[in-house]
Amino acid sequence: MNRKMFGVLCLLLLSLMTKGCAGRPPETEQPLRYEEELGDFSEYIVVGFSQVGSESDWRMASTNSFKNTFTEEKGYYLLFEDAQQKQENQLKSIRNFILQEVDYIILDPIVETGWEAVLQEARDAEIPVILADRSVKVEDEELYTCWVGSDFEKEGRMAGEWLASYLEKQNRSDEEICIVTLQGTPGSTAQIGRTEGFASVLEEHPNWEMLEYQSGDFTQAKGQEVMERFLESYEQIDVVVSENDNMAFGAIDAIRGAGKTCGPDGDIILLSFDASRAALNAMLEGKINADFECNPILAPKVEEVIQKLEADETIEKRQYTEERYFDTSMNLKEILKERTY
Ligand code: GYE
């Protein structure tokens with residue numbers, strides 16, 4: 001029995017032993033397949049992927065991207081773990097991946113801090129860790145191989161600049177503009193970048209007032225809850241910045257529930273991030289003013305990295321994806337025809 005087969009057997013035992021433990025995502029309960037495939041398992045490149053959760057449309061598109069890219073037909077064996085938005089689950093998964101002696105670990109870290117120890121363990125085991133989407137804050141950048149994702153700060157800035165030019169077109173540049181922000185998961189790269197990017201434009205506009213920031217954890221239900229509270233607390237809200245589409249959907253329901261409207265013809269300007277198909281459809285219905293794209297199709301780039309590592313080629317440490325924005329001045333029907341997420 002070679003090392004990898006031994007590792008897989010350990011995994012099998014471990015999975016059986018831990019089956020049903022509280023907090024373990026159901027996706028991990030798939031050990032039976034290994035038994036069947038144990039024979040030629042060592043032929044695969046084994047990739048352990050620790051996904052954030054299933055909190056949004058963006059996340060579902062991301063999961064599909066990884067599942068469709070790392071297929072057995074292409075020579076990969078993907079161990080997929082959904083952390084249900086809990087860092088402790090991610091730490092457990094990564095330690096399991098290390099025990100299983102996977103060839104590569106892909107991590108989409110829920111928050112930026114708290115990774116040093118586990119990344120060091122992966123390094124000691126000589127398993128490359130590729131970060132996808134969100135990133136980590138570590139002193140020693142050698143603790144991970146590379147990062148592939150979006151420039152969240154740029155997305156936030158783009159939103160601020162879009163708002164400035166929109167208000168100018170409406171001759172509202174000198175008006176007092178009251179803003180609230182539905183933030184993403186606190187401490188996540190997407191939250192930090194989008195908040196800071198928007199804040200850099202906010203600073204340049206003394207007549208814009210940020211009434212409050214509050215997290216809706218990137219989910220529709222919490223987005224709605226927070227927006228309902230904002231509407232109760234503040235009489236005047238001119239702009240809602242929602243740091244993802246699902247919270248924006250919650251905000252739309254809350255605004256409607258309060259007897260108000262949003263969108264280009266509404267009472268409140270609604271800005272969102274991700275630009276999922278569902279959000280572009282909501283924009284087509286006149287409920288969202290502008291949406292700042294975040295590309296969830298990262299797996300092909302990650303695969304490219306793995307292929308380069310297999311070929312001993314050098315890797316760029318940080319790899320950004322190209323992104324744009326959408327608003328109601330565009331031909332959204334045409335754009336939607338070509339959108340895959
Ligand atoms: O914007 C949000 C998701 O990390 C970029 O996470 C990602 C964010 C995305 O839940 O919808």
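I began with E153 and R157, which sit four residues apart in helix 6 (residues 152-169) and are therefore separated by about one helical turn; helices here are DSSP runs of H or I with at least four residues, strands are runs of E with at least two, and both are numbered from the N terminus. I keep in mind that this is a predicted model, in which local features need pLDDT of at least 70 and side-chain atom pairs count only at pLDDT 80 or more, while totals for chains, interfaces and linings use all residues. Residues are numbered from 1 along each chain as its sequence is written, and side-chain values use heavy atoms, with hydrogens and water left out.

**Salt bridges**

I found that E153 and R157 form a salt bridge with the closest N and O atoms 3.1 Å apart, the term meaning a side-chain nitrogen of Lys or Arg within 4 Å of a carboxyl oxygen of Asp or Glu. E153 is partly exposed at 29% relative accessibility, and R157 is partly exposed at 30% (buried is under 20% relative accessible area, exposed over 50%, partly exposed in between, with a 1.4 Å probe and protein chains only).

I next looked up K287, which forms a salt bridge with E285 at 2.8 Å between the closest N and O atoms. K287 is partly exposed at 28%, whereas E285 is exposed at 54%.

Which residue meets the side chain of E293 in a salt bridge? I noted R339, at 2.8 Å from N to O. This pair links distant parts of the chain, since E293 lies in strand 10 (residues 290-293) and R339 in the segment after helix 12 (332-338), 46 residues apart. E293 is buried at 8% relative accessible area, and R339 is buried at 12%.

I also recorded that E55, R59, D108, D133 and R134 are joined into one network by salt bridges that share partners. The structure holds 19 salt bridges.

**Helix 4 and helix 5**

I then turned to helix 4 (residues 87-99) and helix 5 (residues 116-124), whose axes come within 10 Å and cross at roughly 10°; axes are lines fitted to C-alpha atoms over the stretch in contact, and angles run from 0 to 180 degrees between N-to-C directions. That makes helix 4 roughly parallel to helix 5, a label for angles under 35 degrees.

In the contact (heavy atoms within 4.5 Å), L91, I94, R95 and I98 of helix 4 meet A117, V118, E121 and A122 of helix 5.

Methods:
Parallel < 35°, antiparallel > 145°, perpendicular 65-115°, else oblique.
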